Amino acid sequence: MDTCTMCQEQEKKTHRGTPHNHLVKIDDVRLFKGLGHRHYEEQDYQCQLCNATFTWSSNRNDLAWTLWMG
Ligand SMILES: [Zn+2]
């Protein structure tokens, strides 16, 4: 299945980018300890239109929005 247009746009968003209207949270936010006093969060989302799954990460070393399947 192809990802919908909104998910294709979602991949390009930055760390501050908000999930599009059809992305719903799946599972709880995950907290990670980073280097020093830094920590970061990850949250999984699934699109209700195309079933694509995203992981959002606040880790600046990672992509903000990672698409897992579409
Ligand atoms: Zn989608």
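## Leu67 and its contacts

Two residues are in contact if their C-beta atoms, placed from the backbone, lie within 7 Å. In this predicted model, Leu67 touches Thr3, Cys7, Glu11, Ala52 and Phe54, leaving aside residues up to four places away in sequence. Leu67 sits in strand E4, which covers residues 65-69.

Is Leu67 buried, exposed or partly exposed? A buried residue needs 20 or more other C-beta atoms within 10 Å, and an exposed one has 12 or fewer. Leu67 has 16 C-beta neighbours inside 10 Å, so Leu67 counts as partly exposed. Thr53 is 14 residues away from Leu67 along the chain, yet their C-alpha atoms are separated by 5.9 Å.

## The sheet

Four strands form an open sheet in the order E1-E2-E3-E4. The pairing is antiparallel. E1 (23-33) and E4 are the edge strands. Each has a single partner strand, so one side of each lacks a neighbour in the sheet. From one strand to the next, the twist averages 20°.

E2 and E3 run antiparallel and are joined by five bridges.

## The nonpolar core

Which residues make up the largest nonpolar core? There are eight: Cys7, Leu23, Tyr45, Cys47, Ala52, Phe54, Trp56 and Trp65. Strands E2 (39-47) and E3 (53-57) each supply at least two residues of this core. In soluble globular proteins, nonpolar side chains tend to be buried together.

Trp56 is one of the core residues. Beyond residues up to four places away in sequence, Trp56 touches Glu42, Gln43, Tyr45, Ala64 and Trp65.

Terms used. Residues numbered from 1 in each chain as written. Predicted model: local features only at pLDDT ≥ 70, side-chain atom pairs only at ≥ 80, totals over all residues. Core = buried A, V, L, I, M, F, W, Y, C linked by C-beta atoms within 7 Å. Pairing = 2+ DSSP bridges. Axes fitted to C-alpha atoms, helices over the stretch in contact; angles between N-to-C directions.
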